[in-house]
Amino acid sequence: MLLNEQYLILYNRFADGRESGKAVEVTLEELSAALFCTVRNAKLILKKLVEEQLVEWLPGRGRGNYSQMLFKADKEDFLLHQSVGLARNGDYKQAFDMLSNYGSGTLVKERFLDWLNGHFGYKKEEGSEGMPSDTLIFPVLHPPRTLDPAEANYAFDSHLQRQIFDRLLSFDEQLERIVPGIAHHWNSDKDATEWTFYLRKDIRFHNGQELTSRDVVYSFERLRSGTLNEWLLREVASLEAIGPRVVRIRLRRPNRIFDRYMCSVGASILPFELAGLEESEFWKFPIGTGPFRIVSFSEHRIELAAHSSYHEGRPYLDGVDIVIMPEDCDPESVGYPGVLHTWDHIRDKEQLGGGKVQEASGKLRQACTMLLWNLNVPGAQQSEAFRRAVRMIIHPGEMIEELGGARILPAIGFRPDVSSKRVINPLRPERVRTALKEAAYDGQVIRMAIYDKNREDAEWISNRLAEWGIRTELLDQKAWIDADLTFSSIVLAEDEVCEIETYEHKSSVLKKYLDEERMSWIKDRIDEALSADLIETRRVKLREIEQYLRDEASVIFLYHRLLNTFLHPFVRGISLNALGWIDFKDVWLEKHD
């Protein structure tokens, strides 16, 4: 146990609630009991505390005279100083643990959070050899579930994987077209069943090893060996390395957008046989060819450093320090800093300091929040009439009007551009009553699985349904597989590909909730879309699926959200990518303070 923590233990035990600066009576036996040690060790600790001038010890002289201890450091100031020191050294977890253990009855946590908010952001400090070092430090509320692209299923995970790994191709959101990545050129035959990719020379993994076609073939063989993202390669008949820098992939069916599939984070390239490491060892410090490499990775902190040999040019940032905040840190109490990727409550200019320190920018997120019915468990949801009744009762426009926040646009489907062109009809009570009568709803409780972030929505929906006599029970999201209804979101990072992923990803809620007959029909529509030459034809086929799910109310579309980022006026290159995050490799500082 550190001496500083021992001081706080003794302060809490003997000085809390007493007049500051006044000595308290205490025996060595009481000190040893408080510190859970022997009297001998208590004497050693006391000696160190005196040497550090943290306490003054006045030994009692004679029988009946107690020794006295004077605590010289104010508890709140001392605790703040210790917590700040731990955070500066990257030990955020211990800093918060110390605040939780010893901060009761003080304002130290609030003071620490004020400091922390100023600590986060863009930092320019002196680095090695006197050269300035540029680092981006920011908090997140949950650690990534995995850094393995083959198992990617969440936006934050996918974003980090994009920093560490590269893909054969990339989709440029500004240009709205596919651009070279690891492959500098690619082509397909007229049937779109044979695709050939030509790799760049001298692309280096973080360990210095050069990337070759062997790495590509290995990564794809691994991807289609039962991983969550094996759907990307479900129609691959063969993978072949044609020399060190050419890869040929043959498909059993036409796929006109297979090159878009190759932009997906799931198709990231790993080193052959994980650079000779076991899976468990490799994922502690995964090796890719992306703009940043992993320096440290724990459940409390992730450190990234610039990949100096990155083939698209070294990032301006020297490092990115991602802090995983404790679960009890509410976003509002932390006061999300300027560079955090998303903000659920839009602040006005007064809260932003009149716009003098920061500037706000926002855009409609290419994503959709929705409710999905589980059609593989018995219940009232087996009735289409009941599902339609619930869809009418849950009016997204009224939800947005009453709850506000980042909920910005009622959803008709997955894409906000489509939803913005449609108007949701007002609630018609007679139609709801007719549907409920047709469904013969008997009052059965609807079990709704939710994330904490959806609780406000869920409670609003529960109250709304209760007005119509429909009872609900809120379950933890962990129970989603057996629930009747659950929340879900789709983020269209790769547009058509992500829409297809919603149906085909191995852990997709829709894939688990829809019965085999529906999924077979959907798969046929997807294959028809993939074989189409024109994007308009593909969209028609995908909209056919969306329309079907909407009409039979298997999916209840709720709303699209607004993303906001708050930027220091000198920081440039920051924009929100399709996943709703900042692309770290593009961040740079315009001028020095």
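Aspartate 484 sits in the loop that connects strand S19 (472–476) to strand S20 (485–491); helices (H or I, at least four residues) and strands (E, at least two) are DSSP runs, numbered from the N terminus. Before I continue, please note that this is a predicted model, in which local features need pLDDT of at least 70 and side-chain atom pairs count only at pLDDT 80 or more, while totals for chains, interfaces and linings use all residues. Residues are numbered from 1 along each chain as its sequence is written, and side-chain values use heavy atoms, with hydrogens and water left out.

Is aspartate 484 buried or exposed? Aspartate 484 is buried, at a relative accessible area of 1%; buried means under 20% relative accessible area, exposed over 50%, and partly exposed in between, with a 1.4 Å probe and protein chains only. Its side chain makes a polar contact of 3.3 Å with the side chain of glutamine 381. A polar atom of the aspartate 484 side chain also lies 2.8 Å from the backbone nitrogen of arginine 447. By polar contact I mean a pair of N or O atoms within 3.5 Å; within protein, one must be able to donate a hydrogen and the other to accept it, and residues adjacent in sequence count only if both atoms are side-chain atoms. Leaving aside neighbours within four places in sequence, aspartate 484 is in contact (heavy atoms within 4.5 Å) with residues including Trp373, Asn374, Pro378 and Val445.

Seven of the ten residues of H12 are buried, so the helix is mostly covered. Among the buried residues are Phe386, Arg387 and Met392. At the start of H12, a side-chain oxygen of serine 383 comes within 3.3 Å of the backbone nitrogen of alanine 385. Isoleucine 394 is in the loop between helix H12 (384–393) and helix H13 (396–403), and is buried with a relative accessible area of 0%. Not counting residues up to four places away in sequence, isoleucine 394 touches Leu371, Met399, Trp460, Ile461, Leu465 and Leu558. The C-alpha atoms of isoleucine 394 and arginine 464 are 7.0 Å apart, although 70 residues separate the two along the chain.

Next, the strands. Strands of a sheet pair through backbone hydrogen bonds, either parallel or antiparallel. S2 is joined to strand S3 (residues 68–71) by four bridges, and leucine 58 has glutamine 68 in S3 as its bridge partner.

Elsewhere, five bridges join the antiparallel strands S10 (residues 236–241) and S11 (residues 246–251). These two strands form a hairpin with four residues between them, and glycine 243 in the turn has a positive phi of about 85°.

What of the cysteines? The whole structure contains zero disulfides, a disulfide being a pair of cysteine sulfur atoms within 2.5 Å. Cysteine 368 is buried at 1%, whereas cysteine 37 is partly exposed at 22%.

Finally, confidence. The mean pLDDT, the predictor's confidence in each residue from 0 to 100, is 86, and 87% of residues reach 70 or more. Over residues 331–362, however, pLDDT is below 50, and over residues 565–570 pLDDT stays under 50.

Notes: Two strands pair if DSSP finds at least two bridges between them.
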